[in-house]
Structure formats: C-alpha cells, structure tokens
Amino acid sequence: MGHRQSPVDIDPSILLFDPHLRPVHVDKKTINGIITNTGHGILFKANTSSKASTVHISSGPLAYDYRVDEVHLHFGSSEEFGSEHSVAGQTFPAEVQILGFNSDLYRNISEAETKSHGIVGIAILIQVGDEISSELRLLTSQLSRVLNKGQKAVLKSLSVRELLPDTHFYTTYEGSLTMPGCHETVTWLVMNKPLYITIQQLYALRQLMQGEPDNPKAPLVNNFRPVQARHNRLLRTNIDFNRHKDFHCPTMYRNMFYRANVGTPGLQ
C-alpha cells in the first residue's frame, strides 16, 4: 500500500482554504441501473448501454469530465459508526459514495480505476433524522428485493444531483478506492453537510445478509474500511472559516472546526 489510502479523517483544524476551488457541477439528468447485494455491500451500477442517459461530474477540483458509474452504500450495526470518512474523529451511521470515471481519458471505470486521475469519489455522510432524504429513499427503495447476496433489482430515475446535500462546500484530497485493489487514483470530495436517514430505514439496511438465501451467514453491516493514515496529504476546502465565522449555518466542518480549536485565539 502507498501513502494515499482512503478513507481519512477530515480534521477541520488542518483544512487548507483554497480560493481557487469551484463548486462541483453534477448534471441534472436521471439515470437507470441495477442495485445489487454484493455480499460485501450495496452497489448501484448505472446502465452503460449506448442509449442510456448519463450523468457527468465536473468543475470543483477536477480538470476532467467524469461519468457517474457507481453508487456505494456503507453502514454500521450501530448509530455510532458505519461511515468510512470521519470528521474530527466522529464517525456517522452511514455513508453514500458516488464514483465516476474520467470519460475524457478512459473508456470505462475498470480501465480508469488503475490510471492517473481515473476516478472521482463524492462522499456524503449520513446522519439520523426524522425524515429520510427523498433521493436516498429512492436509492434504498428496493432493499426488500436484495436481502441476500447476488440478488438484484432495477432502479430507475435516480437523480445523482438530488442525492447531494444542499451545499456547495466540500473538502477534497487525493486518495484511493476503499475496495480491494485500493488503487490510489481517486480525487475525493467529502461534502460539508450530511443527508438524513430514519432509524427505521437503518433497521431495514441491517436486515440485509452477506450470504445467499440458503446460507445467509451474518448481517451485511460494518462494511466500511477503517480510517487510513494521512501521510501529510493536503486537505483542501472551499470554506473560508475566517470569512464565514459569524455565518450561522448547519455545517459539519464549521461546528467541528470550532470544537477542535477551542482556546485558539480568534476562533472562539
């Protein structure tokens, strides 16, 4: 393994404000695909046929155009953990990861995942709330059809853009896939607001099984990779904490930034 492994802890006290980071752009179109219980996690795979609708990610820290190919869902057996990325050492019950491949340079995600600037990953942390995000509800609407390993279901009209939380703030760093192979070809964007999921929907996720129907094995939970060493990588953000320190918005980084810097002059 190299020195650019993912996930990492987003430590707000060391974030570097980069005024050149632009808001990330995600197409408004919807995509169709297949959601699968892989035995390791829940995977949505976009339809890649020549006539299929495509969604692209661009701008932000990206120099290329990336086509959305996969959405992964990580979750835990408890509300205290389940996400892959953490913020100021705090983990979340779940995390959605949107993966796209560099369609300017490569033909598909299999080729791109081993190549430089091959993959973009957008990480969205999931918090417990009274209502589930509408697009997250759609993403989890077929859980009863994929209770066991290998089971698949059609998922139509998923809006990747609507899956994103209502913020243009994020932190970005150079990292890796968190699946076996762990190729260090991913530009990660960790969004600065969570999505929300209900306790009932988390319970439904925890009913999924790792094995096939005749041998279900253990519940499909805790399917996250532990936090990896940062190795002095830069964590860049488009949030200017000093400029926005009096801006009262429900953002994760701002609140945890002040918590991590209690006693630091000018940050009370």
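This is a predicted model: local features need pLDDT of at least 70, side-chain atom pairs count only at pLDDT 80 or more; totals for chains, interfaces and linings use all residues.
Biologist: Is His-231 buried, exposed or partly exposed?

Modeller: The relative accessible area of His-231 is 41%. Buried requires under 20% and exposed requires over 50%. Because 41% falls in between, His-231 is partly exposed.

Biologist: Is Lys-217 buried or exposed?

Modeller: Lys-217 lies in the loop between helix 4 and strand 15, and its phi is near 60°, a positive value in a residue other than glycine. Its relative accessible area is 57%. The cut-off for this class is over 50%, so Lys-217 is exposed.

Biologist: Is Thr-237, in strand 15, buried or exposed?

Modeller: Thr-237 belongs to strand 15, which covers residues 236-237. Its relative accessibility is 1%. Since the limit is under 20%, Thr-237 counts as buried.

Biologist: What is the relative accessible area of Leu-202?

Modeller: Leu-202 sits in helix 4, residues 199-205. Beyond its neighbours within four places in sequence, Leu-202 is in contact with Glu-79, Pro-93, Val-128 and Ile-197. Leu-202 is buried, and its relative accessible area is 0%.

Biologist: How many Å apart in space are Leu-202 and Ala-94, C-alpha to C-alpha?

Modeller: In sequence, Leu-202 and Ala-94 are 108 residues apart. In space, their C-alpha to C-alpha separation is 8.6 Å.

Biologist: Which residue in strand 6 is the bridge partner of Val-24?

Modeller: Strand 3 (residues 24-26) and strand 6 (residues 56-59) run antiparallel and are joined by 3 bridges. In strand 6, the partner of Val-24 is Ser-59.

Biologist: Which residue in the turn of the hairpin formed by strand 6 and strand 7 has a positive phi?

Modeller: Strand 6 also runs antiparallel to strand 7 (residues 66-75), with 2 bridges joining them. His-56 stands opposite Arg-67 in strand 7. The hairpin has 6 residues between the two strands, and the turn residue with a positive phi, about 60°, is Gly-60.

Methods:
Residues are numbered from 1 along each chain as its sequence is written. Side-chain values use heavy atoms; hydrogens and water are left out. Helices (H or I, at least four residues) and strands (E, at least two) are DSSP runs, numbered from the N terminus. Buried means under 20% relative accessible area, exposed over 50%, partly exposed in between (1.4 Å probe, protein chains only). Contact means heavy atoms within 4.5 Å. Two strands pair if DSSP finds at least two bridges between them.
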